Amino acid sequence: MPRGRYAAHRLRRPVELAESLDRAGLSAKDVSSFKPRDVRSLVRATRGRRRGTLTDDQLPELVDMVLEPKGRPVVTYLGYAVHRA
């Protein structure tokens, strides 16, 4: 990946995001774990991207990311927020 894209200072844990949403009057909904089916595929793709042998467009097929609605979000997660009534 390009340097700094996923720098630690840019990442937020799900609990931090939920706290920020709460302060803004929003509630998180349907937060699901979003992860590679096999973490080794992510490592290979990341190395290929850094070497310049892979493009961003090639990554989705190579990594095979899956949603795990009942999974505990650890690193990557998806969801949405709504205004509280």
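**Close-up 1. Leu42 and the nonpolar surface patch of the predicted model**. Leu42 is found in helix H2, and together with Val39 and Val43 it makes a nonpolar surface patch of about 220 Å².

**Close-up 2. The salt bridge between Asp38 and Arg40**. The closest N and O atoms of Asp38 and Arg40 are 2.9 Å apart, and the two residues form a salt bridge. Are the two partners buried or exposed? Asp38, at 27% relative accessibility, counts as partly exposed, whereas Arg40, at 54%, counts as exposed because its value is over 50%.

**Close-up 3. Glu68 and Lys35, a salt bridge between two strands**. Side chains of opposite charge can pair when their charged atoms come close. In this view Glu68 forms a salt bridge with Lys35, and their closest N and O atoms are 3.1 Å apart. This pair links distant parts of the chain, since Glu68 belongs to strand E2, which covers residues 65–68, while Lys35 belongs to strand E1, which covers residues 26–36, and the two residues are 33 residues apart. Glu68 is partly exposed, with a relative accessibility of 32%, and Lys35 is also partly exposed, with a relative accessible area of 33%.

**Close-up 4. The salt bridge between Arg49 and Asp56**. Here the side chains of Arg49 and Asp56 meet in a salt bridge, with a distance of 2.8 Å from N to O. Arg49 has a relative accessible area of 22% and is therefore partly exposed, and Asp56, at 32% relative accessibility, likewise counts as partly exposed. The count for the model comes to five salt bridges, among them the one that joins Arg49 and Asp56.

**Close-up 5. Thr55 in the loop between helices H2 and H3**. Where does Thr55 lie? Thr55 lies in the loop that runs between helix H2, residues 39–51, and helix H3, residues 59–63. With a relative accessibility of 41%, Thr55 counts as partly exposed. A view that also takes in Ser27 has to span 35 Å in space, from C-alpha to C-alpha, and Thr55 and Ser27 are 28 residues apart in sequence.

Note on methods:
Residues are numbered from 1 along each chain as its sequence is written. This is a predicted model: local features need pLDDT of at least 70, side-chain atom pairs count only at pLDDT 80 or more; totals for chains, interfaces and linings use all residues. Side-chain values use heavy atoms; hydrogens and water are left out. Helices (H or I, at least four residues) and strands (E, at least two) are DSSP runs, numbered from the N terminus. Buried means under 20% relative accessible area, exposed over 50%, partly exposed in between (1.4 Å probe, protein chains only). Patches are made of residues with over 30% relative accessible area and no salt bridge: like charges are joined within 9 Å, nonpolar side chains (Val, Leu, Ile, Met, Phe, Trp, Tyr) within 5 Å. Accessible areas come from the Shrake-Rupley method with a 1.4 Å probe; for residues, only the protein chains shown count as cover. A salt bridge is a side-chain nitrogen of Lys or Arg within 4 Å of a carboxyl oxygen of Asp or Glu.
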